[in-house]
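Let's take a friendly walk through a structure, one topic at a time. Have a look at it first, and then we will start with a question.

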Number of protein chains: 2
Amino acid sequence: MTQCVIAMMVAMPRWDPCAEERLREAALELFLEHGYENVTVAQITERAGLTRRSFSRYFADKRDVLFAGSERLPAVLARAVRHADGALSPFGALLAGLVEVAGELADQAPLAAQRRAVVGASPELRERGRTKFAAVTDAVADALRDRGAAGSEATLLAQVGVAIFRTALDRWADQPDEAGLPGRIREAAAELAASLGTVDFAALPLP
Amino acid sequence: MTQCVIAMMVAMPRWDPCAEERLREAALELFLEHGYENVTVAQITERAGLTRRSFSRYFADKRDVLFAGSERLPAVLARAVRHADGALSPFGALLAGLVEVAGELADQAPLAAQRRAVVGASPELRERGRTKFAAVTDAVADALRDRGAAGSEATLLAQVGVAIFRTALDRWADQPDEAGLPGRIREAAAELAASLGTVDFAALPLP
DNA sequence: GTCTATAGGGCGATAGAC
DNA sequence: GTCTATCGCCCTATAGAC
C-alpha cells in the first residue's frame, strides 16, 4: 500500500499502478458482499479496472487472491527459529520464534479479521488456508532440522508449534486483551505441557 | 467390494454394478500410470464404462475419487476417544483412542501405500489430504469436548493428537517393523512430552 | 490478447428394477 | 404406474496454451 502511494506521487504511468493491490481489495469487497463462490474472476478484474487475463499474472488461481501477503510468514518464522538463542532446545527455539514473530504481527489484526470471515465461510478457502499453514509448518520443520532435530521429530514439533500458534491466534482474535498474542502463545504451550503431563505412556495398551 | 460381488450374484442388471468402486479403481490406476494432473475425468469414466456426467453423482470433484473410503475415520476415531476409560484425562483418552484405531488400520497398509504415492506427487491432492485430516481433527475435538475439555483447548489437543498420529503413520510406512503402528504412536507421544519438558515457560520473553 | 481444454453442474430423457 | 441409476446435451467459469 505505502509503496503504491509513493509510486503514484513520483510518476503517473499510462496504466494504473498497484494492480495487484487493487485486485486484492476488489476481491475482498466482492467476497464480503456476495460470498466467495458467487463471485467470478471477471467481476473482480472489472471492479479493479483490468481484464480477465491480467488476474493470472498476479495470482495462481482465484483462491490465492485472498492469501497474497502471507507468503513471507514461513520464511520469517523459520528465520526467527534459526536465530533463537543457541542454548535453547529445538522446541524452546520454536516457542521463542513464535513469540518473537507474534509481537510483529499485532498491527495486522483488522485486515486479518475480515479475511478470517471470508475464509471461514467457504470450504474451498479453508482448504487453501490449511495449505498456507502447511507451508509454515514445512519451513519451521526445516529450521528445526538445522538446529539438530531429527527428520520426522522436527516435523512433529513444527506441527505442534503451529497448532499452538493457531490456538493463540484464535483466542486473541476472539477476545483481544492486555496479555497480547505472545502471552497467549505461552499460555497455550503451558496448557499443552500440562495435558501431556497427565499421561503415563507406559500404561498405554500395546498390540 | 464384498457388497458388490454379492449384488452381482443376486441379479444381473442392465448396467454393471459397483459404479463407484470401478470409478475409484480406474482413477487410481490412471493416476499411477500418468500422474493426477494428466488424467481427465472423461478418461476415468471411460475406463470404468460410464460417462463423464455420472462421475458427479459419486464424487463432488476429481480429487474426491482418491479419498473416498476415508470418510469414516473421523467418526471412528471420535467414537474411540469418547469410549476410552472414563478415568483418563482428555489427552489420555485421545492417545488411547489413537492406539485403538491404529490397531484396526494395520490391514489397510497396501492400498494406503499406493494412494500415498499418488497424493504425494500432486500439490492439489496434498491439499485435499489436509482437508481430510482436518475433518479428523474436528471430530476428535468434539469428542474431547464431550469429555470435558474446554473449547479451544480441545481443538489444540486434537491437532496435537493428529500430528502424533501422522508422525506415527509416516514412520510406520517408511519402515514397518515389529513395534507396529500403536507402538509408533506411543513413541511419538513420549518424544513430544520429552521435548515439551525441556522448556521453561516462565523464561519465554514477554512483550 | 485470443482461444481451447476441462471441471463442474442443471435439466430432462431413458431404460431397467420394483 | 414409481423409483433409481445412467446418459446426453446444455451452459458457465477456470486455467493454461498459443
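How many Å separate the centres of domain 1 of chain A and domain 2 of chain A, taken over C-alpha atoms? In this predicted model, the two centres are 29 Å apart. Domain 1 of chain A covers residues 12–65, and domain 2 covers 69–196.

**Where the two domains meet**

Eight residues from domain 1 of chain A and 10 residues from domain 2 of chain A take part in the contact. Interface size is often expressed as the accessible area lost when the parts come together. Here, domain 1 and domain 2 of chain A bury about 950 Å² between them, with 55% of it on carbon and sulfur atoms. On the domain 1 side, A:Leu28, A:Tyr36 and A:Arg63 lose the most area, together 56% of what that side buries.

Charges also take part: five salt bridges are counted between these two domains of chain A. A:Lys132 forms a salt bridge with A:Asp64, and their closest N and O atoms are 3.9 Å apart. Helix 2 of chain A (residues 19–34) gives the most to the domain 1 side, with three residues.

**Meeting the DNA**

Of the 16 residues around DNA strand D, A:Val41, B:Thr51, B:Ser54, B:Arg57 and B:Tyr58 come nearest.

| Residue | Part of the residue | Distance to a phosphate oxygen of DNA strand D |
|---|---|---|
| A:Lys62 | polar backbone atom | 3.3 Å |
| B:Thr51 | backbone N or O atom | 2.9 Å |
| B:Ser54 | side-chain N or O atom | 2.5 Å |

Helix 4 of chain B provides the largest share of the surface near DNA strand D, four residues. By class, the residues of this surface are six nonpolar, four polar and six charged.

Terms used
Residues numbered from 1 in each chain as written. Chains lettered and ligands numbered in written order. Predicted model: local features only at pLDDT ≥ 70, side-chain atom pairs only at ≥ 80, totals over all residues. Heavy atoms only, no water. Near = heavy atom within 4 Å. Polar contact = N/O pair within 3.5 Å; in protein donor to acceptor, adjacent residues only side chain to side chain. Helix = DSSP H or I, 4+ residues; strand = E, 2+ residues; numbered from the N terminus. Nonpolar A, V, L, I, M, F, W, Y, C, P; charged D, E, K, R; others polar. Domains from an automatic or database assignment. Contact = heavy atoms within 4.5 Å. Buried area = accessible area lost by both parts, 1.4 Å probe. Salt bridge = Lys/Arg side-chain N within 4 Å of Asp/Glu carboxyl O.
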